Amino acid sequence: MSPSPANARVAEWVVSEFVEQDNDMNSFVSNSCEVDSNLFQMCPLEKPERKLSSLSNSVSAPLYDTNGRKARHIPRQITNKSDIRNNTELLTFLTDNIGNWDIDIFKVDTMAHGFPLVAVTYVILQTHDLFKKCKIEEGTFLNYIAEVESAYRDNPYHNSVHAADVVFNANYLLSCEAFKGALQDWMILGLIIAAAIHDCDHPGRNNKFLINTKNELALTYNDESVLENHHCATGFKLMKNAKYNVFVNFSSKAYSMTRRLIIDLVLATDMNKHLIIIGKLKTTIESFRIKDSEELELSSSNFSDILHALLHCADLANPAKPLDIAIQWSRNIAEECYQQGDEERRLGLELSHMCDRHNPIFEKNQFTFIIFVALPLWEAWSELVYSHATIMLDHLATNRNYWDSMQPNSDENEIEFKKIEND
């Protein structure tokens, strides 16, 4: 299924077409993966219970649009329907399907009345009993995650449905037998929150566009992982409001470690890190083979690499889903790319890859992305979790064959790849 080693240069070229390469990677080196129970001691501060219905109808913190102006988010109507604790049908559906990789997240969105991120995240925290174990007040968490969801813009792809999907995927990958007992509660919580905020307030334009247009965000973050820094900062800025502070009961050390993990994970979702993540994952797997170890042992040396790969897989899971769901996601991301291309054309900029609405190569893009971007990642992940990734590899094969069959000039594409390899 995967390209041969001889095609490595082709793969590198394809990835460079999809992402802007970066020579550096901010790696997280954990001083210790050990956390004693005193880290989650109750703080003496009192806080009133907050109900979801007490939320305002707009995001409290003004954010920037792609031209550097303050962005206006489309407010979500907060009603009793927003408190998914009252939606027994939804809770039952999610609970019954929490271990179903093929779940239809678009159905979840409909059932959650536009709050899929709230619904999925809440049920997952309940499943792991994290409200009790990490001393998080339910009402405060629901307020916070609803505000995070409202900070997601109504983009075709980078929206709260995608965020809910990534949270669900991350939890599913975490359910692998290899991870049983490997992560402590604070790590699971950090992973879930990182997945929830990983695209928060995404403007529907990529980092390259923001840099080329000298956007306020690019200037703020010095062109380095611009969006990823913004997503993470947005998620934490919301917590400055007491009614959204989910970490109010954490000791300073517990908060510091959890925040550090979340930041590290979100920054690693930058697609510039794609090849580095795959490389480090393979190195980690090889180290297990050398030790002849059948059990996954997290240490300061492999902790971040494995969680980076897990969240990256969760983020790049669309082509590893059932065909009908994968097609819907493909259409959504294509439309978002076209919208960026429309703006690039208006601004007189060179059109980015996949962004020309008037010269679409939709099917070829999907096929190429699977072969040279998604498949190498998922095959590397499968070497770590074995049979737990079988369903993803099966879907990738089905979707790859579908997009290949839909290409009008598949023979010409093969010739083009061979030319690239020979350059």
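User: What does a relative accessible area of 22% make Arg-85: buried, exposed or partly exposed?
Analyst: This is a predicted model, where local features need pLDDT of at least 70, side-chain atom pairs need 80 or more, and totals for chains, interfaces and linings use all residues. Numbering starts from 1 along each chain as its sequence is written, and side-chain values use heavy atoms, without hydrogens or water. Buried means under 20% relative accessible area, exposed means over 50%, and partly exposed lies in between (1.4 Å probe, protein chains only). With 22%, Arg-85 is therefore partly exposed.

User: Which residue does Arg-85 meet in a salt bridge?
Analyst: A salt bridge needs a side-chain nitrogen of Lys or Arg within 4 Å of a carboxyl oxygen of Asp or Glu. For Arg-85 the N to O distance is 3.3 Å, and the partner is Glu-138.

User: How many residues apart are Arg-85 and Glu-138?
Analyst: Arg-85 sits in the loop between β2 (70-71) and α2 (88-97). Glu-138 is in helix α6 (residues 138-151). Helices (DSSP H or I, at least four residues) and strands (E, at least two) are numbered from the N terminus. The pair links distant parts of the chain, with a separation of 53 residues.

User: Are Asp-201 and Arg-153 buried or exposed?
Analyst: These two form a salt bridge, with the closest N and O atoms 2.9 Å apart. Asp-201 lies in the loop between α8 (185-197) and α9 (207-212), and Arg-153 lies in the loop between α6 and α7 (160-174), so the pair ties together parts 48 residues apart in sequence. Both residues are buried.

User: What is the relative accessible area of Lys-180?
Analyst: Lys-180 pairs with Glu-177 in a salt bridge, closest N and O atoms 3.2 Å apart. Glu-177 is exposed, at 58%. Lys-180 is exposed too, with a relative accessible area of 53%.

User: How many salt bridges does a search of the whole structure find?
Analyst: Some residues join in a network of salt bridges: Glu-335, Asp-342 and Arg-357. The search of the whole structure gives a total of seven.

User: Which residue has its C-alpha atom 6.3 Å from that of Glu-228?
Analyst: Glu-228 is in helix α11 (residues 226-238). At 8% relative accessibility, Glu-228 counts as buried. Beyond neighbours within four places in sequence, its contacts (heavy atoms within 4.5 Å) include Asn-207, Val-266 and Leu-267. The C-alpha atom at 6.3 Å, 42 residues away along the chain, belongs to Asp-270.

User: Which residues does Ser-382 contact, leaving aside its neighbours within four places in sequence?
Analyst: Ser-382 belongs to helix α16 (residues 362-385). Its relative accessibility is 13%, so Ser-382 counts as buried. With those neighbours left aside, Ser-382 is in contact with Ala-389 and Leu-393.

User: Which residues of α17 meet α15?
Analyst: Helix α15 spans residues 323-347, and helix α17 spans residues 390-406. On the α15 side, the contact involves Leu-323, Ala-326, Ile-327 and Ser-330. Their partners in α17 are Asn-399, Tyr-402 and Trp-403.

User: How many helices and strands does the protein chain have?
Analyst: Buried residues make up 56% of the 423 residues in the protein chain. Among contacts with a separation of 6 or more, 79% are between residues 24 or more positions apart. The secondary structure count is 18 helices and two strands.

Technical notes
Axes are lines fitted to C-alpha atoms, for helices over the stretch in contact, and angles run from 0 to 180 degrees between N-to-C directions.
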